[in-house]
Amino acid sequence: MDTVPTVDPAMDAQPPALVVHAHPEPDSFASSQTRAAVEELRRSGHSVRVLDLYADGWNPVLDRGEFPPFEGPFKPQAEQMRAVREGTLSAEVRAHLDAVLSAELLVLSFPLWWFSMPAILKGWIDRVFVMGAAFGGEFGLFDRAALRGRRAMVLITTGGPEEAFAAGGAFGALDQFLFHVHRGMLEFVGYEPLPPVVTYAPARMSEAEREASLSAVRDAFAGIGVSAARL
Ligand SMILES: Cc1cc2nc3c(=O)[nH]c(=O)nc-3n(C[C@H](O)[C@H](O)[C@H](O)COP(=O)(O)OP(=O)(O)OC[C@H]3O[C@@H](n4cnc5c(N)ncnc54)[C@H](O)[C@@H]3O)c2cc1C
């Protein structure tokens, strides 16, 4: 199986859609989902950039080492603000932040781990949604944050079956535990979250069911309507 393509070379300068992929296995269903989504977006005429966090060896740990040396206690958001102000963000964070700021649509693609996202993707948010550049500083929060007017969505797989995620189901309603992603990460920096695209329990499916699920993913992305005008 092909690996997830990381960059659309023709569109590297100003990629209008950014897909951030977080699964350690290229042959996983989640990776197939990401490829299906990317293919569909491109087929629809959109330029797409993919950041494959595991393949790229992304370091998810926000710590003082990514900032220029300083004395005293480490206050992460204060250092982020200072790095934005003084132009000293690390090259890695700056590049990913620029990819975010250049994109009109952000897709976070991941398997559901502990009712949330894999740590590598959480750490990507920690480091790349920089205070002073994505929110705060000259920007505010939510509808005054830097990514206001843009859209974002999550593309996920689960281990549990769909009925476990219904209201009153064993795991609880999916939108309840996606709240921290939708409200706490995406809306917080200004995005309008689109409805999540979810494949429930692909490991329990037949081959035919997996094919049908990938078709459903393609249909969902064909329907996003990221029009050329908006991009
Ligand atoms: C740390 C951890 C925490 C977890 N927490 C939760 C949780 O809180 N809630 C929950 O519900 N689940 C949880 N899980 C389970 C996890 O969400 C699922 O295992 C995962 O989402 C399944 O997606 P996958 O891509 O990894 O599936 P995979 O097992 O990679 O894929 C399923 C099958 O699809 C096949 N496949 C891949 N591509 C294709 C293709 N193109 N066509 C046909 N078949 C294909 C694969 O070969 C495989 O046989 C957790 C797992 C871990 C590791």
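I shall begin with the overall fold and then turn to helix α1.

This is a predicted model, in which local features need pLDDT of at least 70, side-chain atom pairs count only at pLDDT 80 or more, and totals for chains, interfaces and linings use all residues. Residues are numbered from 1 along each chain as its sequence is written, and side-chain values use heavy atoms, with hydrogens and water left out.

The protein has seven helices and six strands, where helices (H or I, at least four residues) and strands (E, at least two) are DSSP runs numbered from the N terminus. Along the sequence, their order is β-α-β-α-α-β-α-β-α-α-β-β-α. Of the 231 residues, 50% are buried, that is, under 20% relative accessible area with a 1.4 Å probe, protein chains only.

Now to α1, residues 29-43. Its 15 residues reach 21 Å from the first C-alpha to the last, close to the 21 Å expected at 1.5 Å a residue; the expected span is 1.5 Å times one less than the number of residues.

How many residues of α1 are buried? The count is 12 of the 15, so the helix is largely enclosed by the rest of the structure. Among them are Phe29, Arg35, Glu40 and Leu41. The cover over these buried residues includes strands β1 (17-21), β2 (48-52), β3 (105-111), β4 (151-157) and β6 (197-199), together with helix α7 (207-222). Just after α1, Gly45 adopts a positive phi of about 100°.

Definitions and conventions
Contact = heavy atoms within 4.5 Å.
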